[in-house]
Amino acid sequence: MEKQEHERFRDSIGTVTKEGKRSWIYPKKPSGTLYKYRKYISYFLLAFLVAAPFIKINGNQFLMFNILERRFNIFGFPFWPQDFYLFVIIMLLGVIFIALFTVAFGRIFCGWICPQTIFMEMVFRRIEYWIEGDRGKQIRLNKQAWNAKKIRKKGIKWS
């Protein structure tokens, strides 16, 4: 049975050219009202991720994973090696909650509060835009020959 014309896209990978070379993706710099709210939420979560080890509740750190002393504080509650079964149960419940939440509200989690997305979009990609510019400037920079300007920009970005 011959494939329909509208299903030919399934025969190739979108990030590989017909010659087998990598086809780079250059994301456009986002903007808009929802992106503004997303930035505020991301900044709050980034601040929380940085500050969480320094927050204390009842004399215990909010988050602490001390492998050498075998002591773990999660949300201010200390866990010792003999409490490991409780820790495992709590972590399993957490994974189940995240899985169910992702099934029901996956785009909200992945786009707004996932730590990987927050670091990629609100830290690394913003640094990339700051150094190399928006989509068009990145395309032009990658097409130009290697010179001092390109080496400097790529070196700063990669470092």
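A nonpolar core is a set of buried residues such as Leu, Ile, Met and Tyr, joined through side-chain atoms within 4.5 Å. In this predicted model, the largest such core has 5 residues: Tyr35, Leu45, Leu46, Ile118 and Met122. Two elements, α1 (33–51) and α3 (115–132), each give two or more residues to this core, and α1 supplies the largest share, with 3. In soluble globular proteins, nonpolar side chains tend to be buried together. Ile118 touches Ser42, Leu45, Leu46, Trp112, Ile113 and Val123, leaving aside residues up to four places away in sequence.

Next comes the sheet. Its 3 strands are arranged in the order β3-β4-β5, and the sheet is open with antiparallel pairing. β3 (63–66) and β5 (77–79) are the edge strands, each pairing on one side only. From one strand to the next, the twist averages 20 degrees. Strand β4 (residues 71–74) is joined to β5 by 3 bridges, and Asn73 stands opposite Pro78 in β5.

The aromatic rings form 6 pairs. The ring centres of Phe48 and Phe62 are 5.7 Å apart and their planes lie at 80 degrees; planes over 60 degrees apart count as edge-to-face, so this pair is edge-to-face. Phe48 belongs to helix α1, while Phe62 is in the loop between β2 (60–61) and β3, 14 residues apart. Phe62 is buried, at 13% relative accessible area, whereas Phe48 is partly exposed, at 31%. Elsewhere, ring pairs link Phe97, Phe101, Phe105 and Phe109 into a cluster.

Charged side chains also meet rings. Arg22 lies over the face of Trp24, 3.7 Å from the ring centre, and the charged end of Lys150 sits over the ring of Trp146, at 4.4 Å from its centre.

How values were computed:
Residues are numbered from 1 along each chain as its sequence is written. This is a predicted model: local features need pLDDT of at least 70, side-chain atom pairs count only at pLDDT 80 or more; totals for chains, interfaces and linings use all residues. Side-chain values use heavy atoms; hydrogens and water are left out. Buried means under 20% relative accessible area, exposed over 50%, partly exposed in between (1.4 Å probe, protein chains only). Helices (H or I, at least four residues) and strands (E, at least two) are DSSP runs, numbered from the N terminus. Contact means heavy atoms within 4.5 Å. Two strands pair if DSSP finds at least two bridges between them. Axes are lines fitted to C-alpha atoms, for helices over the stretch in contact, and angles run from 0 to 180 degrees between N-to-C directions. Rings of Phe, Tyr and Trp (its six-membered ring) pair if their centres lie within 6.5 Å; planes under 30 degrees apart count as stacked, over 60 as edge-to-face and the rest as tilted. A charge sits over a ring if NZ of Lys or CZ of Arg is within 6 Å of the ring centre and within 35 degrees of the ring normal.
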